[in-house]
Amino acid sequence: MPTLPPRSPLAPSRPGQALRHLLTALVVTTLALTTLLAAGTSPSRAATSWTPRPAPMTTPWTDRVPVDHPLPEYPRPQLTRPDWANLNGIWDFAVTARDAAQPTTFGERIRVPFVPESALSGIQRKITGNDRLWYKRTFTVPAGWGGRRVQLNFGASDWETTVLVNGRQAGAVHRGGYDAFSYDITPLLNGGTNTLVVSVYDPTETGGQAIGKQRIQDVTPHSGHSIVYTASSGIWQTVWLEPTAAAHITRLDMVPHLEDDTLHVTVRGTGADGAAVTVSVSGQGTTAGSATGTVGTEFAVPVPNARLWSPDDPFLYDVTARLTGSPGRDTVGGYTGMRSIAVKDVDGVRRPVLNGRFVFQTGTLDQGFWPDGLYTAPTDEALKFDLGKHKDLGFNMVRKHIKVEPQRWFYWADRLGLLVWQDMPSMDSGRTPDGTARAQWESEYRAVIDQHRSSPALIQWVDQNEGWGQYDQARIAGMVKAYDPSRLVDNMSGVNCCGAQDGGNGDVIDNHNYVGPGNTPTEPVRASVLGEYGGLGYRVPGHEWYPGGGFSYEDQPSPAALNDRLVGLLDGIRENAMPAGGLSASVYTQITDVENETNGLMTYDRQVVKVDEARVRAANQALVAASRTLGPPVKLPLEQYVSIRVTTPGHTDRYIRHSDGLGYTEVVGSGSSDLLKQDATWKVTPGLANRLCYSFESRNYPGEYLRHRDFRVRREPGDGSALYKADATWCPVRGDGGIRLSASGFPGQYLRHINAELWLAQAGGPHTWDNPATFTEDTTWAVEAPWAP
């Protein structure tokens with residue numbers, strides 16, 4: 001079993017294993033440093049000839065980034081080998097016109113893999129579509145690698161990358177900003193000091209490629225309310241060398257099959273098609289199972305009595321794959337988690353199920369930007385930090401928003417136990433992509449899927465977002481599901497927003513609702529999820545990107561108000577949106593502030609957690625716990641007339657009625673007038689905005705429903721709008737001695753009577769009708785036989 005840095009965070013299972021991990025990490029670090037020294041760039045020279053730029057905001061890790069050896073960790077935890085050399089560090093750098101030839105001199109120095117727009121690179125300058133980036137360094141191949149092929153690996157480079165070794169091009173130009181790529185540079189080596197030159201062209205939004213939220217703009221803080229951020233051009237993930245046999249493994253595709261206690265494995269390779277390969281799975285030092293198959297063909301490895309991976313118990317098995325029928329006998333290490341993900345009926349509601357059971361997925365939107373490194377976290381500890389903070393706050397899921405992180409980010413999600421929704425970065429939102437852009441985007445999407453298809457944490461692909469660069473939604477969702485049938489597919493996050501069009505397929509239907517949380521209408525086939533909600537803002541003086549320039553969807557006056565509002569949203573999901581509205585997952589915007597967006601749970605510099613961690617964690621834990629014991633939704637008698645009675649002690653002879661278009665409660669008895677009895681009678685219909693909920697149609701005014709508007713509840717005719725349908729839809733949950741009716745669009749706000757008037761109310765809210773006294777009693781109703789059949 002390989003003992004490399006990515007394995008060391010796993011708890012050692014045998015005496016001496018921790019020491020071996022530590023010694024191996026020291027050897028690997030020494031190897032990378034030796035390679036740097038052999039390249040002719042000593043630490044002392046680099047330190048005197050290069051300095052970082054002052055970061056607009058400093059994170060706790062800004063000053064911990066080594067000058068000569070940033071991000072020294074092994075970059076590919078799912079496919080490990082013992083020998084490698086890190087090329088991160090100080091490179092020569094130049095910027096020329098887009099079509100210019102390689103410059104004869106490189107007048108600047110840059111710290112790779114930080115992008116030139118960032119402070120940590122030492123450049124911190126805007127790059128445009130008229131520019132071409134040039135990187136240069138030298139290296140020597142360690143003597144111990146003789147007789148093997150040398151692979152040059154890039155974690156990611158944005159966007160069009162050309163690589164030259166000793167003046168000759170290494171393979172084809174790579175196009176893509178989010179997928180890893182490699183070159184076998186053995187034929188280009190000279191046996192001594194080799195020169196590596198990398199040329200990158202990145203047009204960002206002026207091109208047609210996937211860009212996510214990057215835009216060309218000033219690299220220092222500036223005013224402006226924008227949900228797009230500073231671009232990241234060029235190399236932004238680790239560059240490294242590794243020796244391999246001529247016939248070697250390039251990927252392990254692993255899919256757990258819990259139904260028969262096996263791990264299905266397809267070993268991909270170069271120069272090894274059809275070769276025999278043995279895969280072994282072990283846990284805590286004990287072999288669980290082993291099987292032999294052939295490269296390129298799926299086969300099953302037994303994992304009996306598997307310990308299942310989940311956010312509560314993110315147990316990882318070690319995996320070893322060994323070529324047995326080819327020269328060099330290449331051996332690689334990896335890991336897997338045994339878990340399943342699917343969508344099925346749970347008490348009549350379509351729900352995502354993890355390991356066969358529904359558990360509510362509560363997460364945040366994670367943009368993955370840093371004030372010092374932009375797309376690149378300053379250290380591996382920083383990369384892990386945001387994920388760890390999710391766990392501290394009680395979340396069990398993270399939506400990685402239109403960015404794809406380095407493979408070590410996925411390792412930490414796998415290791416810590418966070419479910420991941422992975423977005424494919426979108427093309428520019430302001431244009432319809434042409435045929436070339438579409439072909440590139442789909443090709444890159446498949447490459448991203450291939451790169452991360454074995455991560456147990458990753459449970460859902462999100463194809464497109466709010467219509468940004470949208471096209472062929474249904475076809476793409478079908479393509480992704482066929483390419484990776486082991487995961488859920490979201491064809492469009494925010495189908496109700498911004499001109500987005502729902503492809504109609506995939507495993508979930510996904511609405512956005514700010515501030516929300518709101519409900520996503522349920523369907524017979526797809527599970528209902530809330531891809532974005534919240535966006536509550538609070539500006540922390542001394543921790544703003546542009547002081548005074550921050551914005552949010554709803555500013556809060558104090559940390560106390562922020563806590564109350566956030567916990568209220570989570571409680572509304574637990575009390576109503578999940579049990580009554582059929583909601584199965586929610587994504588809060590967002591884990592950190594980003595540039596001028598101040599709606600994070602933390603400041604952009606990660607220096608301040610704005611919320612009460614214990615209180616938010618308790619609310620999330622209560623939400624998850626409630627999902628584990630969730631029963632069937634409350635059922636009302638559809639297409640029948642009912643009367644709705646008050647249950648507040650002392651007022652139990654009063655019923656909901658309408659008068660002059662407004663909702664009231666009034667005493668109704670056998671001697672009441674026929675008009676009053678009709679006014680107090682309502683027809684129960686399927687919810688206009690959600691089939692799991694209900695709408696109440698007036699008995700004597702057909703086509704007019706009980707709805708809330710400006711908090712006052714009234715009887716009004718429908719206008720066909722989505723707003724009216726939501727306002728006239730009520731989702732029932734069980735109450736003490738009756739039911740409580742929550743607004744479909746505002747889970748946690750309930751139909752209440754106070755002073756004989758009907759209001760949409762929230763306990764402890766800012767209005768007089770939110771008075772918490774007798775709130776539960778005033779929002780509990782008994783559904784009874786109609787006064788006017």
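**Exercise 1.** Leaving aside neighbours within four places in sequence, which residues is Gln422 in contact with?

*Solution.* Note that the model is predicted. Start with the place of Gln422: strand S28, residues 419-423. Next, list the contacts. They are Lys400, Lys403, Val404, Phe410, Leu458, Gln460, Trp461 and Val462. Now look at Lys403 again. Its backbone oxygen lies 2.7 Å from a polar atom of the Gln422 side chain.

**Exercise 2.** Decide whether Gln422 is buried or exposed.

*Solution.* Buried means under 20% relative accessible area. Gln422 has 0% relative accessibility, so Gln422 counts as buried.

**Exercise 3.** Classify the aromatic pair formed by Trp91 and Tyr135, and say which strands the pair ties together.

*Solution.* A ring pair is described by the distance of the centres and the angle of the planes. The centres of Trp91 and Tyr135 are 6.3 Å apart, and the planes make 90°. Planes over 60 degrees apart count as edge-to-face. The pair is therefore edge-to-face. Then place the two residues. Trp91 lies in strand S2 (residues 89-97) and Tyr135 in strand S4 (residues 131-139), so the pair joins parts 44 residues apart in sequence. Both residues are buried. The count of aromatic pairs comes to 27.

**Exercise 4.** Find which residues touch the most other members of the largest nonpolar core.

*Solution.* This core has 64 residues. Val420, Trp421, Trp441, Tyr445 and Val480 touch the most other members. Trp441 touches residues including Ala210, Met424, Pro425, Tyr471 and Ile476.

**Exercise 5.** Over which ring face does Arg351 lie, and over which does Arg740 lie?

*Solution.* Arg351 lies over Phe358, 4.7 Å from the ring centre. Arg740 lies over Tyr750, at 4.1 Å.

Methods
Residues numbered from 1 in each chain as written. Predicted model: local features only at pLDDT ≥ 70, side-chain atom pairs only at ≥ 80, totals over all residues. Heavy atoms only, no water. Phe/Tyr/Trp six-rings, centres within 6.5 Å; stacked < 30°, edge-to-face > 60°. Helix = DSSP H or I, 4+ residues; strand = E, 2+ residues; numbered from the N terminus. Buried < 20%, exposed > 50% of the residue type's maximum accessible area, 1.4 Å probe, protein only. Lys NZ or Arg CZ within 6 Å of the ring centre and 35° of its normal. Core = buried A, V, L, I, M, F, W, Y, C linked by side-chain atoms within 4.5 Å. Contact = heavy atoms within 4.5 Å. Polar contact = N/O pair within 3.5 Å; in protein donor to acceptor, adjacent residues only side chain to side chain.
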